Amino acid sequence: MKGKSQTIDLWTLVTFAGFVIVVVFLIYPLLDIFRYSFIDKDSGEVSLGNWIQFFSKKYYLRAFTNSILIAVATTFFSIVLGVPLAFFTTRYRIAGSTFLTTLSVLALLSPTFIGAYSWITMLGKNGFIRTLFQSIGITLPQIYGPLGIVLADTLQYYPFILLMTSGALMTIDRSLEEASENLGARPGRIFFDVTLPMVLPSVTGGALIVFMMSLSNFGTPMIIGGNFLVLPTLAYNLFTSEISETPGMASTVSIILMLCASLVIVLQQWLASRRKYASMLINRPVVKKLKGLRSVLAHALCYGIVFLSTLPLAVIVYYSFRKTSGPVFQPGFSLDSYRQIFFDVPKTVTNSFLYSLIAVLLIATVGTLLGFVIARKKKGVVRVLDTLLMIPYIVPGTVLGIGFIVAFNRPPLYLTGTAVIIILTYFIRRLPYSVRSAASILKQIDPALEEAGINLGSPPGRTFRTITLPLMQGGIISGAIMSWVTSMNELSASILLYVGQTMTMPIKIYLSVVDGFFGTASAMSTILLFVTGLSMYIVNRYFSRGSETFVSA
Amino acid sequence: MYAIRIIGVEKNFGEVIALSNIHLEIEKGEFFTLLGPSGCGKTTLLRTIAGFCKQDKGDIYIEDELINEVPAYQRNTAMVFQNYAVFPHMTVFDNVAYGLRVRKLTKEVITQRVRTALKSVHLEGFEDRTPDKLSGGQQQRVGLARAMAIEPRVLLFDEPLSNLDAKLRIEMREEIKAVQKSLGITSIYVTHDQEEALVISDRIAVMNQGRIQQVGKPWEIYRNPQNTFVASFVGKINMLTLKLGPGAGLRYRQATTGKVSLNIPAQGTEQLDSIIVAFRPEDVVEVSSKDRSNTITGFLRTVSFMGSIARFEVDVEGQLLTIDRHRPRELDIPPIHSQITFSVPPESILLFDPSSGKRLAQEERP
């Protein structure tokens with residue numbers, strides 16, 4: 001009996017801790033933002049001034065329409081690239097299709113600002129492609145502004161559509177398409193009658209994620225946007241200029257950004273709940289072999305798309321090995337840029353690794369425990385916790401950063417300027433993903449296994465440790481590695497929270513780009529890319545649950 | 001005119017031989033079953049007829065039309081799939097109407113035919129339901145109605161009942177048979193369930209390792225198996241390998257192993273020094289003493305009460321044989337380990353060549 005009472009305490013404790021984390025590190029800062037949005041900047045009194053201003057001044061409204069415009073355009077082009085690529089790589093034999101998928105996932109997971117910055121080196125004012133065309137008399141438009149944001153965003157986020165659509169295409173039961181053909185439908189008709197309707201939920205699901213990512217993306221518009229403001233960059237600008245006063249307007253913009261994001265999430269959840277095409281997969285779809293010109297065209301299309309999205313990364317790596325003299329690139333190759341990093345700012349590198357490591361340990365432990373509670377205990381309180389844990393999905397990094405500053409810049413929790421606050425942002429931003437993934441892994445483990453353990457006399461706590469946990473291990477570790485990658489590459493929240501001592505690599509890259517030190521930026525970006533690539537390789541090699549790992553984990 | 005003619009069809013998947021020299025002729029309106037263990041090639045053959053799979057060699061004719069090069073969507077061979085393959089994004093009505101719409105029939109004709117098809121599978125009133133609201137059995141009825149509706153030249157069934165529970169399986173197979181007989185559509189049915197095959201078919205082709213082992217009516221398959229594979233795959237059978245004694249030119253020869261000694265007809269055994277003797281559990285007669293000829297004695301190991309029969313496992317010379325007692329009564333069941341003696345009527349004994357597994361050529365059995 002003693003064992004029983006102990007474990008009830010354990011899971012109650014976990015639930016309680018979950019609530020404390022959510023309330024202190026999410027609800028409290030967000031309520032603070034909410035409160036500030038109703039406080040007049042000058043008089044310090046409660047007013048609707050900020051809200052009225054937002055909806056009446058063109059400057060603010062434009063950032064709103066810009067954001068929507070960018071997100072819509074990015075989503076559209078991501079579908080245009082992602083769906084055909086998914087179709088060709090899953091249904092036809094494309095040489096090296098695994099390699100192509102890997103490359104596009106690398107683009108997806110690389111820090112958002114690297115792509116933007118790389119496109120500047122190619123198509124910016126003095127970009128090498130632009131200079132090349134200039135020399136033969138063609139003036140290309142500069143990449144700054146909406147064009148650049150959409151380009152960089154699309155090439156980064158289309159893999160979401162690719163992965164989700166491929167997943168759906170690979171799990172359509174072959175019998176459905178065969179039934180259609182068997183009843184007399186020609187190949188084209190089969191596609192529109194059966195294949196397309198079956199993958200449509202996944203395409204729209206992927207599209208909503210892309211929309212959301214693009215909407216809350218901070219790094220890309222900040223680097224390549226020029227004067228073209230979107231909501232996250234507007235909030236950042238307002239906040240950094242308002243810093244001495246109360247952050248009223250920045251708070252209002254943050255709330256509006258969150259409202260947009262929640263709308264998308266609600267839509268996505270509704271869509272996900274409607275989708276019920278899961279079939280018992282007996283017959284996997286066949287991969288057809290293309291011949292002659294068709295095969296050449298299919299290969300050209302697939303390789304073309306992936307080449308375009310990998311190009312920015314390749315350019316960065318190339319520049320990191322170029323000789324530099326201060327901000328200017330010299331002819332020839334050297335390791336100058338790397339040397340500079342390790343002599344001038346080694347702390348930045350160690351900070352990034354250290355903070356991410358601590359955050360990941362926290363995320364994996366807390367995420368697994370909470371995931372277990374949510375998957376196995378279906379009490380009302382747990383449901384509430386589950387819903388609350390959705391909040392970080394709708395809080396863009398910029399908003400969380402602002403919230404953390406306003407909330408933890410005063411007692412009882414005075415955290416600004418510490419490493420703790422940066423680790424905490426990593427932790428909070430990734431926690432819901434970790435909880436979800438742990439819960440979904442658990443749902444795939446037959447509860448009968450746990451019952452068998454208990455039935456053989458092992459108390460619940462021990463059963464969890466000796467049976468459930470080992471079965472979850474692979475999933476937990478791959479989830480943790482994905483958290484590690486996103487933490488290493490986090491910019492939008494930490495840029496608001498860092499001080500000189502707690503600077504991380506993404507922040508340093510951003511600052512170097514702004515100051516024109518492209519060599520340092522390239523070398524550091526290359527390090528991040530390498531870490532990202534290596535992590536992906538490890539996940540793929542040792543814990544593969546297929547490419548879904550990269551979408552859901 | 002045959003409904004289907006298959007001439008010398010072969011198919012390999014890499015190293016694996018899926019179909020080897022298949023010849024079949026199927027009559028119009030016939031219910032024809034391909035029976036065999038998994039991997040025997042039965043599904044490959046069915047899919048080759050449907051056009052999902054192309055043979056490496058050989059010809060397939062449907063109603064005297066050579067269809068080797070006809071694409072699957074023009075073959076008019078409607079299939080009922082193992083996992084139903086009911087379109088999940090369409091209502092029951094739209095599912096059944098699908099093939100009719102592809103054929104560009106008028107609205108009235110479509111409505112009429114869908115009604116009729118749904119009626120014959122007892123799904124009237126389900127028109128507007130979506131598949132996720134249907135049970136497995138109901139989904140398979142939709143699959144059947146959908147296939148029937150296009151009035152195909154052949155109905156193909158790919159293990160349609162294997163995902164249903166036992167009771168429903170029996171119900172559905174009666175229904176499939178009834179619908180097929182009333183429409184008179186030629187049907188090819190794939191299954192690994194020998195009981196299902198016996199019940200439902202006009203004729204059966206037993207397949208193994210890509211080859212047809214035997215084609216015949218259910219009675220012939222069960223009573224007159226042509227090799228040890230067919231004998232042991234269809235129904236339960238006991239097989240004993242015995243040494244043949246001298247006796248060339250005699251009417252009977254003695255076959256022995258240990259204490260078992262049987263007199264078997266000598267015809268066809270001239271070249272052999274050993275033989276496989278096989279008999280079905282239901283054919284043996286329990287006897288009280290050894291005074292009759294061709295008796296076998298062993299020790300009772302287990303008793304399985306199955307309702308209409310009790311099945312005994314008897315240890316004979318270290319080998320377990322199965323015998324059935326009909327209309328069993330609890331009081332009459334002998335205790336475990338007791339001695340059991342039974343005899344096998346000579347007309348129930350099947351003889352096989354141990355080296356080839358083939359039935360010995362003997363006079364036709366009654």
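## The sheet in chain B

Five strands of chain B form an open sheet in the order S13-S12-S11-S14-S20, with antiparallel pairing. Strands here are DSSP runs of E of at least two residues, and helices are runs of H or I of at least four residues, both numbered from the N terminus. Two strands pair if DSSP finds at least two bridges between them. At the edges sit strand S13 (260–265) and strand S20 (350–352) of chain B, each pairing on one side only. From one strand to the next, the twist averages 40 degrees.

Let's look inside the sheet. Strand S11 (residues 238–244) and strand S14 (residues 274–279) of chain B run antiparallel and are joined by six bridges. Met239(B) has Ala278(B) as its bridge partner in S14(B).

## About the model

This is a predicted model, in which local features need pLDDT of at least 70 and side-chain atom pairs count only at pLDDT 80 or more, while totals for chains, interfaces and linings use all residues. Residues are numbered from 1 along each chain as its sequence is written, and chains are lettered from A and ligands numbered from 1 in the order in which they are written.

## Two helices in chain A

Helix H5 (residues 112–123) and helix H7 (residues 146–171) of chain A have axes that come within 9 Å and cross at roughly 130 degrees (axes are lines fitted to C-alpha atoms, for helices over the stretch in contact, and angles run from 0 to 180 degrees between N-to-C directions). That makes H5(A) oblique to H7(A), as angles under 35 degrees count as roughly parallel, over 145 as roughly antiparallel, 65 to 115 as roughly perpendicular and the rest as oblique.

On the H5(A) side, the contact is made by Thr112(A), Gly115(A), Ala116(A) and Trp119(A); H7(A) contributes Gly148(A), Leu151(A), Ala152(A), Leu155(A) and Gln156(A). Residues are in contact if their C-beta atoms, placed from the backbone, lie within 7 Å.

Technical notes
Contact = placed C-beta atoms within 7 Å.
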